[in-house]
Amino acid sequence: MKTIVWIKHATQLITMAHGNKGPRIKEAMSDLAIIEDGSVWIENGIIQAVGTTAEIEKQFKDRVHEAEITDAAGYLVTPGLVDPHTHVAYGGSREREFEMRLEGATYMEIMNAGGGIHATTRMTREATEDQLVEQAKKRLNSFLKHGVTTVEGKSGYGLDVETELKQLRVMKRLQEEHPIDLVPTFMGAHAVPTDYKGREEDYVNLIINEMLPAVANEKLAVFNDVFCEVGVFTPEQSERILEAGKKYGLIPKIHADEIEPYQGAELAAKIGAISAEHLLKASDEGIEAMAAAGTIACLLPATALFLREQAAQGRKMIDAGVPVAISTDCNPGSSPTTSMPLVMNLACILMRLTPAEALTAATYNAACAIHMEEKTGSLEPGKQGDVVLWEISNYQELQYLFGVNHVKSVWKKGVKVVG
């Protein structure tokens with residue numbers, strides 16, 4: 001028996017439907033393809049039709065009695081939000097470091113003293129796989145409540161072969177056990193572990209010669225990410241790691257130019273990375289190179305806010321022709337949030353994106369940043385029925401009424417999971 005969902009009479013139905021492949025740039029980021037008095041018809045988890053309520057009612061008039069009907073009159077309906085950059089599977093918490101930063105310690109000072117990524121690494125190594133699954137499920141539940149239906153998740157809190165594989169296995173289990181689509185990224189190059197201090201090249205070789213083959217052997221990741229930053233991995237080391245990952249079919253991503261300008265954006269363009277992340281200190285040359293290469297800028301305004309840093313130049317990047325996506329960067333040290341609605345607000349306030357651009361960056365472009373645009377990120381026939389019903393009437397309100405969760409209902413693959 002078919003499961004049919006009909007969401008009708010949406011005051012604004014944001015479809016994001018364009019017909020063109022690839023991420024949106026410049027003016028295209030403002031075209032939301034809005035249908036007033038809109039409807040979505042979903043069967044067995046897949047969208048069958050999108051249009052005005054009158055059109056859908058006429059098309060399916062003989063089957064309306066079979067559908068679970070939601071009257072969305074007065075409400076906004078959008079695609080499920082997509083978070084393309086998280087560290088969602090980790091052990092422990094680091095609220096004490098938040099207080100330390102407020103007392104004057106810098107991110108790198110805390111990390112060099114054995115805190116930061118190293119502290120979470122210790123707690124993740126100590127946790128069992130089951131414990132990590134249960135902790136991450138709570139975060140994924142919170143993502144759903146904030147309208148997020150697809151999440152990318154990175155390893156990188158293991159920094160040894162065993163724990164990196166454990167983190168990725170946790171994400172594989174979560175993909176099977178939780179409604180959210182969880183797309184895995186290997187990030188053994190998140191930091192140099194403390195026991196390799198002074199032997200950084202040995203750790204790079206461990207990643208290339210042992211970690212990458214093991215990840216590929218179990219088919220545990222889609223992407224390979226590296227933290228290219230002063231005091232972490234040099235551009236030369238980052239390039240070696242990402243090129244090695246390509247040999248195993250892992251698509252390169254790169255944490256770039258977050259703390260200092262370090263040629264990360266330029267490297268992302270050079271190696272054909274699908275996205276470059278953070279980019280707070282990206283150079284003009286790096287931005288131009290990314291635009292020419294079509295590299296997606298995955299911007300993380302909540303991280304900048306939490307670290308009290310100047311946010312990335314989102315407005316400048318869009319005007320330069322760089323496709324922009326946005327993300328929570330959900331992690332225990334620099335952005336412990338699961339609220340993509342807040343991230344959209346901050347993209348407007350801190351990076352001067354328009355409300356329409358912020359919504360594109362959190363749906364279709366975000367899906368492109370993790371190769372999920374064929375399944376989600378827009379409301380079009382043939383895609384998954386990933387839909388959010390918001391207790392507001394238009395998309396401008398979503399960005400204007402900031403710091404509030406307006407989610408009323410969420411469907412994942414046609415199944416109501418919130419509301």
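Helices (H or I, at least four residues) and strands (E, at least two) are DSSP runs, numbered from the N terminus. The model is predicted: local features require pLDDT of at least 70 and side-chain atom pairs count only at pLDDT 80 or more, whereas totals for chains, interfaces and linings use all residues. Residues are numbered from 1 along each chain as its sequence is written, and side-chain values use heavy atoms, with hydrogens and water left out.

**View A. The annotated domain, residues 76-415.** An unreviewed UniProt entry gives the annotation "domain: Amidohydrolase-related" for residues 76-415; UniProt positions follow the numbering used here, feature names are shortened, and annotations may be inferred rather than shown by experiment. Over this stretch the chain is 44% helix and 17% strand. The C-alpha atoms at its ends are 19 Å apart.

View B. H87 is located in the loop between β6 (81-83) and α2 (95-102).

**View C. Packing of helix α5 (residues 129-145) and helix α6 (residues 161-177).** The two helices pack at an angle of about 55°, with their axes 9 Å apart. Axes are lines fitted to C-alpha atoms, for helices over the stretch in contact, and angles run from 0 to 180 degrees between N-to-C directions. α5 and α6 are therefore oblique to each other (angles under 35 degrees count as roughly parallel, over 145 as roughly antiparallel, 65 to 115 as roughly perpendicular and the rest as oblique). On the α5 side, the contact (heavy atoms within 4.5 Å) is made by E129, D130, L132, V133, A136, K137 and L140. α6 contributes K166, R169, V170, R173, L174 and E177.

**View D. Packing of helix α8 (residues 235-246) and helix α9 (residues 264-271).** Here the angle is about 25° and the axes are 11 Å apart, which makes α8 roughly parallel to α9. P235, S238, E239, L242, E243 and K246 of α8 make the contact with L267, K270 and I271 of α9.
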